[in-house]
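Visitor: I am new to this structure and would like to learn how to read its features. Could you take me through them in turn?

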Amino acid sequence: TLEEGHIAAVLKAYEGSLVFCLILRSNQPKFTETLTALVQQDGRLVKPHYVHVEAPQAIGEAGAPASFEARVYVYFPQGQINPERSAGLLAFEPGRNARHFLLPLAAIS
């Protein structure tokens, strides 16, 4: 078990972060190796200060085409994103199509 002081130290490292968890799928097993993300809001792009990617896991039925799924946690500096306005979250691999998510931030608690 984690000690209470250790938990507080871990949480302090992410204080002031706006964190999104993405569940992404691909037919490529290593699709997360070059994955990056940006928040687009009011004509600005905000880069994350930390990205944690879990190893992709094979999913699907036997005999079906290969498919992989990964959880990606993206940490953005909260002070650079207006929580009262919608934003777009882009997750992409260089040279490939971006996945675009609309974030109605004012409606998210």
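Guide: What follows goes through a sheet, its strands, and then some side-chain pairs and single residues. Keep in mind that this is a predicted model.

Visitor: Let us begin with the sheet. Which strands form the open sheet, and in what order?

Guide: A general idea comes with it: in a regular strand the side chains alternate between the two faces of the sheet. Here 4 strands form an open sheet, ordered β3-β2-β7-β8, with antiparallel pairing. β3 and β8 are the edge strands, each pairing on one side only. From one strand to the next, the twist averages 25 degrees.

Visitor: What do β7 and β8 form, and how many residues lie between them?

Guide: They form a hairpin with 6 residues between the strands. Within the turn, glycine 95 has a positive phi of about 80 degrees.

Visitor: Now the aromatic rings. How many aromatic pairs does a search of the whole structure find?

Guide: A pair of aromatic rings is described by the distance of the centres and the angle of the planes. The search of the whole structure finds 2 such pairs. In one of them, the ring centres of phenylalanine 20 and phenylalanine 76 are 6.1 Å apart and the planes stand at 65 degrees, so this pair is edge-to-face. Phenylalanine 20 belongs to strand β1 (residues 17-26) and phenylalanine 76 to strand β6 (residues 67-77), so the pair ties together parts 56 residues apart in sequence. Both phenylalanine 20 and phenylalanine 76 are buried.

Visitor: What kind of aromatic pair do tyrosine 50 and tyrosine 75 form?

Guide: Tyrosine 50 and tyrosine 75 form a tilted pair, with 5.3 Å from centre to centre and 55 degrees between the planes. Tyrosine 50 is in strand β4 (residues 50-53) and tyrosine 75 in strand β6, so parts 25 residues apart in sequence are tied together by this pair. Tyrosine 50 counts as partly exposed at 34% relative accessibility, whereas tyrosine 75 counts as buried at 13%.

Visitor: What about charged side chains? How many salt bridges does a search of the whole structure find?

Guide: Side chains of opposite charge can pair when their charged atoms come close. The search finds 2 salt bridges in the whole structure. Arginine 25 and glutamate 69 meet through their side chains in one of these, at 2.6 Å from N to O. Arginine 25 lies in strand β1 and glutamate 69 in strand β6, so the pair ties together parts that are 44 residues apart in sequence. Arginine 25 is exposed, its relative accessible area being 53%.

Visitor: Which residue forms a salt bridge with arginine 85?

Guide: The partner is aspartate 42, with the closest N and O atoms 2.8 Å apart. Arginine 85 sits in the loop between β6 and β7 and aspartate 42 in the loop between β2 and β3 (44-46), so the pair links parts 43 residues apart in sequence. Arginine 85 is partly exposed at 43% relative accessibility, and aspartate 42 is partly exposed at 46%.

Visitor: Finally, a single residue. Is glutamine 41 buried or exposed?

Guide: Glutamine 41, in strand β2, counts as buried at 1% relative accessibility. A polar atom of the glutamine 41 side chain lies 2.9 Å from the backbone nitrogen of asparagine 82. Leaving aside neighbours within four places in sequence, the contacts of glutamine 41 include Ile81, Arg85 and Leu105.

Terms used:
Residues are numbered from 1 along each chain as its sequence is written. This is a predicted model: local features need pLDDT of at least 70, side-chain atom pairs count only at pLDDT 80 or more; totals for chains, interfaces and linings use all residues. Side-chain values use heavy atoms; hydrogens and water are left out. Two strands pair if DSSP finds at least two bridges between them. Helices (H or I, at least four residues) and strands (E, at least two) are DSSP runs, numbered from the N terminus. Rings of Phe, Tyr and Trp (its six-membered ring) pair if their centres lie within 6.5 Å; planes under 30 degrees apart count as stacked, over 60 as edge-to-face and the rest as tilted. Buried means under 20% relative accessible area, exposed over 50%, partly exposed in between (1.4 Å probe, protein chains only). A salt bridge is a side-chain nitrogen of Lys or Arg within 4 Å of a carboxyl oxygen of Asp or Glu. A polar contact is a pair of N or O atoms within 3.5 Å; within protein, one must be able to donate a hydrogen and the other to accept it, and residues adjacent in sequence count only if both atoms are side-chain atoms. Contact means heavy atoms within 4.5 Å. Axes are lines fitted to C-alpha atoms, for helices over the stretch in contact, and angles run from 0 to 180 degrees between N-to-C directions.
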